[in-house]
Amino acid sequence: MTVRDRLAALLVVVLWGGNFLAMHIALEHFPPLLLAAVRFLVIAVPTVLLVPRPNVRWRWLVGYGFFFGTAQFPFLFMGMKLGLPTGLASLVLQAAAPFTVLLGAVLLRERLARRQVTGVLLAVGGLAAIAVARSAVAPALPLVLGLLAALSWAFGNLCSRRADPAEPMRFMLWMSVVPPVPLFALSLAVEGPGAMGEALASAVTPGGWAGLAALGYLVLCATVLGLGVWTALLTRYPAGTVAPYCMLVPVVGMGLAALVLGERPSWVELVAGAVIVGGVLLGTPRPPRPRARTEEGAAERAIAEVTRAT
């Protein structure tokens, strides 16, 4: 990856790390299924009205929307609502990275360099250490829901790779058209019209402003900007090259949870977080040195030396 694309991936890491704090705040004001539905509806309406449909196969667009939106966020939001701590949620969801690497190798036949395999294994070891250290603070069901969310995200990543959109932002926006209808139907069936109406009515009161602000962050920062950049990276590089950056998200997420919510990481978590960072850096291949540019630079230096000599 180029330096510019590495910085873009780190920007996504910061946005998605703050995403979990926004989820925590939003879930205090909205039921989980309704929150997921409203999140995508806010994007879907202007998309249908203003944005041309991307030139990709419908099955990959619908598949991405289903796995990333309809499946991932209900699992994640319900897990957090049932007691999965914010910092631990940011960790569990990053199982999408090894899931994506594994599915990419099995289903898309993507080859992994030994350096990548070593880095991913190192980062997975760090994730496992944090999971063991934090396992006592979360019951089994929320953890299982978090892992199902991670698996859904991994399948969504592969759909994005198969779609190979020429305009990733347009593809990402149109993906948001898929989840609202099934998510509203699920919310109506599971959470009920009473809970839905109460949450929507209270959102426009002074007490609901924090929830609306958190929803705005989820829509604009985490989804439109963060996912747009992420989709663009997945179209340029193999899934195994991009996915390991997800492992940096829990470092940001757990740090914000500790700072804002008082969730204090143990020394095991801190050491494991450093291992994750090292694994991501090791698992990302260095960009090849462009030969043409090197030869051009050499020619320019030779001309400059001749000019100075004369």
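Reader: Leaving aside neighbours within four places in sequence, with which residues is Phe-68 in contact?

Author: The model is a predicted one, in which local features need pLDDT of at least 70 and side-chain atom pairs count only at pLDDT 80 or more, while totals for chains, interfaces and linings use all residues. Residues are numbered from 1 along each chain as its sequence is written, and side-chain values use heavy atoms, with hydrogens and water left out. A contact means heavy atoms within 4.5 Å. With neighbours within four places in sequence set aside, the contacts of Phe-68 are Phe-40, Phe-73, Ser-152, Trp-153, Met-175 and Leu-227.

Reader: Is Phe-68 buried or exposed?

Author: Phe-68 belongs to helix α3, residues 58-81; helices (H or I, at least four residues) and strands (E, at least two) are DSSP runs, numbered from the N terminus. A residue is buried under 20% relative accessible area, exposed over 50% and partly exposed in between, with a 1.4 Å probe and protein chains only. The relative accessible area of Phe-68 is 4%, so Phe-68 is buried.

Reader: How far apart are the C-alpha atoms of Phe-68 and Ser-152?

Author: Ser-152 is among the contacts of Phe-68. Along the chain the two residues are 84 residues apart, yet the separation of their C-alpha atoms is 6.2 Å.

Reader: What share of the contacts with a separation of 6 or more comes from residues 24 or more positions apart?

Author: The protein chain has 15 helices and zero strands. Of its 310 residues, 49% are buried. Among contacts with a separation of 6 or more, the share from residues 24 or more positions apart is 92%.

Reader: At which residue does α11 bend?

Author: In α11 the bend is about 30 degrees, and its place is Leu-227.

Reader: Which residue forms a salt bridge with Arg-236?

Author: Side chains of opposite charge can pair when their charged atoms come close. A salt bridge is a side-chain nitrogen of Lys or Arg within 4 Å of a carboxyl oxygen of Asp or Glu, and the count by this rule is two. For Arg-236, the closest N and O atoms are 2.7 Å apart, and the partner is Asp-5.

Reader: Which helices does this pair link?

Author: Asp-5 is buried, because its relative accessible area is 6%. The pair joins distant parts of the chain, 231 residues apart: Asp-5 lies in α1 (residues 3-26) and Arg-236 in α11 (residues 209-236). The helices asked for are therefore α1 and α11.

Reader: How far apart are the closest N and O atoms of Glu-167 and Arg-170?

Author: Glu-167 has 40% relative accessibility, so it counts as partly exposed. Arg-170, at 25%, also counts as partly exposed. In their salt bridge, the closest N and O atoms are separated by 2.6 Å.

Reader: Which element gives the largest share of the lining of the largest cavity?

Author: On a 1 Å grid over the protein atoms alone, a cavity is a set of points where a 1.4 Å probe fits but cannot get out, and lining residues have an atom within 4 Å of a point. The search of the whole structure finds one cavity of 30 Å³ or more, and the volume of the largest cavity is about 100 Å³. Of its 15 lining residues, the closest to the centre are Trp-16, Asn-19, Gln-72, Phe-73 and Trp-153. The largest share, four residues, comes from α1.

Reader: Is Leu-158 buried or exposed?

Author: Leu-158 lies in helix α7. Its contacts, apart from neighbours within four places in sequence, are Thr-100, Leu-103, Gly-104, Leu-107 and Leu-108. At 6% relative accessibility, Leu-158 counts as buried.

Reader: Is Leu-102 buried or exposed?

Author: Leu-102 is placed in helix α5, residues 96-107. Its C-alpha atom is 9.3 Å from that of Ala-154, which is 52 residues away along the chain. At 53% relative accessibility, Leu-102 counts as exposed.

Key:
The bend at a residue is the angle between axes fitted to the seven residues ending there and the seven starting there. On a 1 Å grid over the protein atoms alone, a cavity is a set of points where a 1.4 Å probe fits but cannot get out, and a pocket is an open set with protein on both sides within 12 Å along at least five of seven lines; lining residues have an atom within 4 Å of a point. Grid points are joined across faces, edges and corners, and a volume is the space filled by probe spheres set on the points.
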